Amino acid sequence: MMQRTSLKHTKHLVNSHKQQLLVSFLIPLILMAGYFIYRKMAPFGSSSLLTVDLGQQYVDLFAYFRHTILHDPTAFFYSFSKAIGGDMTGTWAYYLMSPFNLILLFFPGKTITTGIFIITILKYAFAGLTFAILLQGMYPKVSWLVPGLSTAYALMGFSIANQLNLIWLDAPILLPLIILGIEQIFKTGKIRWFVLWLSLMLIINYYMAYMICIFSVLYFAFASAQHYTSFKTTFTALKRFVGGALLSGGFASWILMPTFYILTQSKVQYTETSVKFKFEYFPFKMLSKLLPGTFNFEQMPSGLPNIFVGAFCLIGFALYFTNHNLKLRERITSGIITLFLLFSLCFQPLDLFWHAMQFPWWYPYRFSFLVCFWIIFLAARYLFSKPTFSDRSLIITGLIFLSGLVYLYLNLSSFKKYVDQNNFLIGCLFVALGLLAFVLLRQRPKSGWLITVLIVLDVFVNACLSLNNLSYVSQSEFGNYTTEIDKTTSKIQNKDSGFYRIGTTYMRTKDDSMQAAYNGGSHFSSTFETQIPNFMQKIGQPDGDGFVTYSNGTLITDSLLGMKYWSKNIESTLPGSSAASTTDPTLPALTYRPDLSAYKLVGQDSLTQTYKNPYALSVGFGASSLVKNFDGSKLDTIQYQSQLYSTLAGHTSSKLFTSENFNEVIFQNINQTTKLTGSVLKKNSLSKPGIVTFKFTPKTNGAYYLTFGQDLNPDNATFTINGKSLTQYSPYRNTVVVNFANHSKGKTVTLKIQLKKMSLWLENFTLYHLNQTKFTKIQKTLSTSPLKVTQHNSHQIKGKITVTKKNDFLMTTVPYGKGWHATVDGKSAKVIKIAKTFCGIQLTPGTHKIVLTYWPPYLFTGLIVTLVALLIVLCYLWLNKRRLRQTKE
């Protein structure tokens with residue numbers, strides 16, 4: 001009878017465990033799905049989840065993910081959609097290795113937003129599930145507090161604030177499983193789960209994995225204090241922990257090693273070498289982020305850490321340190337770890353340490369999910385480890401929270417950018433309810449389900465209030481643009497299967513080329529090699545840390561980079577043109593390119609015109625060997641373009657641009673000056689508009705360009721040409737080349753600059769004329785020996801070329817990288833770096849077969865290390881199995 005009762009109890013326990021896990025999964029799923037449906041997110045309405053980086057970067061990379069998996073697996077290694085070309089292993093390792101991304105395979109084109117919706121709510125749900133698994137693994141006794149604590153973890157402040165950073169939300173899912181793996185090291189002596197989940201985290205996102213690895217060391221110290229029996233057992237556990245970590249690194253080496261190399265060419269170059277030992281803000285200000293709804297757009301660039309976990313969990317965290325049923329050794333260790341984490345949130349050297357010695361570009365304190373985990377984990381430890389619930393500890397905790405609320409109330413004006421009175425009052429209410437909940441738990445220990453309702457309500461209110469502060473891209477804005485650019489580029493690619501690049505005078509994001517799978521010139525990512533922005537800066541394109549925008553091309557740069565086709569939005573038609581104009585917002589205007597009229601119109605639809613560039617060079621061509629010695633480091637943008645292009649043809653002294661003077665300059669309410677370039681314009685009267693009008697009548701039908709220094713931007717002035725706004729990408733941190741006129745012989749072109757401030761620096765403001773005759777002559781020289789591409793994919797180019805003694809150097813516009821390998825007529829050839837940017841190969845006169853192939857550096861080394869790690873595990877398992885068999889015999 002007793003045995004039957006025991007079996008019945010065990011079965012009931014198992015069922016309750018399963019129910020708790022299911023509820024822990026479903027609560028975040030239903031709550032967040034319900035909220036998004038209420039906000040009319042696609043597929044349930046006219047909006048989408050796209051906002052900030054999710055809308056400006058990740059969605060395009062997700063489209064690239066689909067294209068790679070379904071159509072071009074070679075793009076895993078390299079892509080010419082990444083600006084003018086770049087390694088992709090680092091991009092995959094940071095952005096795209098989440099298994100959730102496989103859902104996107106079922107959502108093509110504009111429907112990808114539906115896939116993002118599904119992934120987002122699933123990541124919330126799985127975070128709740130894995131935290132519940134951790135709690136049940138550590139505390140087998142059933143409690144309906146588990147779903148509440150799991151929901152608090154799933155909807156913590158970090159996850160709500162970084163929902164738009166979807167690539168980071170795998171970390172909160174895997175963290176509890178990694179922690180459970182560490183617990184297993186102490187309880188069973190096995191490392192398999194620790195190795196499995198840490199390996200997966202390292203593969204999915206090395207950046208968040210780096211933070212988890214640091215926290216794992218801290219947690220191991222905590223677990224050592226908790227499970228300590230002797231120095232020997234602790235040392236044995238340490239050896240297993242270190243061995244497991246090394247094995248995890250070994251299993252992930254196939255992607256980590258090539259990624260690390262790429263990082264040395266990109267992010268590592270921005271590493272901070274000078275550290276200031278200072279607090280980034282007054283630490284008590286952190287308390288403001290414990291109130292619900294304290295996240296908005298203004299908090300994204302440089303706000304305080306998002307550590308909201310709900311009042312109940314916060315109270316439980318404080319009470320943990322008063323629980324005398326827990327060993328003092330454990331609580332002291334926890335206190336030290338807590339202080340370290342709190343100081344990390346405000347002390348600059350520690351903050352930098354967590355971010356791999358690099359200040360984040362937006363979204364500060366990215367490790368705050370670990371702090372949230374720690375707070376909720378210790379609250380759970382208190383609740384599931386015979387809590388004392390003493391009157392004294394509850395009163396002291398209540399007084400501490402009251403002091404914190406008084407501080408916030410007295411300083412409410414200091415937080416007005418993200419906290420209002422409603423946030424404060426709601427926070428006070430949940431603190432009061434949280435304290436009452438602990439009183440209730442003391443009197444009725446089985447009231448866990450009621451407390452769960454309170455916890456869920458608290459964190460969901462925070463989620464709603466915070467996300468209500470954000471705006472999103474409409475589904476039509478994204479969908480219509482995506483449909484149009486896919487249609488336009490597909491038409492070009494269906495007619496021309498060769499290797500070339502496509503430019504556009506419109507842009508939704510810098511990664512449009514990845515979204516629509518074409519070779520472009522712009523890109524934005526955190527793993528972008530610095531040599532491309534450096535080159536783009538030299539030729540007058542907007543650049544920055546991690547991005548370039550090919551918006552300010554000239555006939556020379558279009559020719560050199562093989563921009564064979566240009567898609568132009570009709571609404572950005574030339575001022576004064578007879579072509580129809582439209583106000584359709586589908587294609588946001590990017591740039592003003594009157595020199596496109598020098599190209600041939602080959603296609604048109606209701607929104608775009610397609611031009612073919614007759615001057616576009618092949619991806620490779622015969623050039624003068626003189627280019628091997630080209631050094632343009634001291635040249636300005638115009639000189640750089642001219643000398644590089646000329647040197648390729650062997651004309652080192654040829655000047656393709658000449659400076660021009662304006663015919664007339666009119667100053668209105670501005671000090672007059674005879675010298676324009678480098679002068680500072682100042683308003684005479686603050687109350688009146690300050691305008692400078694520049695008039696110029698071209699003497700030829702050639703192309704004319706202006707150079708603008710970084711101060712000449714839309715923040716400081718408005719620019720119009722012939723009465724129409726001059727559309728240019730902004731911001732830019734270096735001098736850019738701006739199209740001014742083309743095919744305008746004898747027609748006066750008027751540029752007006754109206755100051756927005758009291759003064760304006762005409763930095764590098766010069767008008768230039770391109771000598772069309774010289775340009776055409778050099779272009780013909782360079783096009784006489786093209787690399788005739790016979791076969792190409794994302795990481796390999798094959799072709800034939802015939803060169804003479806005068807142009808026996810193969811110049812390519814393939815960005816140089818250690819992973820590029822070349823063969824000439826089947827024999828290995830040295831790849832030479834040209835202009836600090838491109839691949840070149842020295843040839844001999846005659847006809848040659850060329851093969852350029854890219855393999856990520858250290859990929860094979862990483863694969864070998866991974867195989868060795870796998871062999872070690874297999875050998876261990878075989879030996880262990882053999883030992884067990886011998887023992888039985």
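How many aromatic pairs does the structure hold? The structure holds 79 of them, where rings of Phe, Tyr and Trp (its six-membered ring) pair if their centres lie within 6.5 Å. Before the close-ups, a word on the model: it is predicted, local features need pLDDT of at least 70, side-chain atom pairs count only at pLDDT 80 or more, and totals for chains, interfaces and linings use all residues. Residues are numbered from 1 along each chain as its sequence is written, and side-chain values use heavy atoms, with hydrogens and water left out.

**View A. Two edge-to-face aromatic pairs.** Phe76 and Phe77 form an edge-to-face pair, 5.7 Å centre to centre with 85° between the planes; planes under 30 degrees apart count as stacked, over 60 as edge-to-face and the rest as tilted. Both Phe76 and Phe77 are buried (buried means under 20% relative accessible area, exposed over 50%, partly exposed in between, with a 1.4 Å probe and protein chains only). Trp820 and Tyr854 form another edge-to-face pair, at 5.3 Å centre to centre and 65° between the planes. This pair links distant parts of the chain, with Trp820 in strand S25 (residues 820–824) and Tyr854 in strand S29 (residues 846–854), 34 residues apart. Helices (H or I, at least four residues) and strands (E, at least two) are DSSP runs, numbered from the N terminus. Trp820 is buried at a relative accessible area of 4%, and Tyr854 is buried at 3%.

**View B. Helix H16 against helix H14.** Helix H14 (residues 328–344) packs with helix H16 (residues 368–383) at an angle of about 160°, their axes 11 Å apart. Axes are lines fitted to C-alpha atoms, for helices over the stretch in contact, and angles run from 0 to 180 degrees between N-to-C directions. H14 and H16 are therefore roughly antiparallel to each other (under 35 degrees counts as roughly parallel, over 145 as roughly antiparallel, 65 to 115 as roughly perpendicular and the rest as oblique). Glu330, Ser334, Ile337, Thr338 and Leu341 of H14 make the contact with Val371, Trp374, Leu378 and Arg381 of H16, contact meaning heavy atoms within 4.5 Å. The residues of this contact divide into five nonpolar, two polar and two charged; Ala, Val, Leu, Ile, Met, Phe, Trp, Tyr, Cys and Pro count as nonpolar, Asp, Glu, Lys and Arg as charged, and the others, Gly among them, as polar.

**View C. Helix H16 against helix H13.** The axes of helix H13 (residues 311–320) and H16 come within 7 Å and cross at roughly 65°, which makes H13 roughly perpendicular to H16. Among the residues that meet are Phe312, Leu314 and Phe317 in H13, and Trp374, Ile375 and Tyr382 in H16. The contact of H13 with H16 divides into 13 nonpolar residues, one polar and one charged.

**View D. Phe158 and its neighbours.** Phe158 sits in helix H6 (residues 157–161) and counts as buried at 0% relative accessibility. Not counting residues up to four places away in sequence, Phe158 touches several residues, including Trp168, Met208, Arg366 and Cys372. Phe158 and Phe367 are 209 residues apart in sequence and 8.6 Å apart in space, C-alpha to C-alpha.

**View E. Backbone details worth a look.** The peptide bond from Ala42 to Pro43 is cis, with omega near 15°; Pro43 lies in the loop between helix H1 (2–38) and helix H2 (52–70). Another cis peptide bond joins Ser730 and Pro731, with omega about 10°. Lys386 has phi near 50°, a positive value in a residue other than glycine, and is exposed, with a relative accessible area of 68%.
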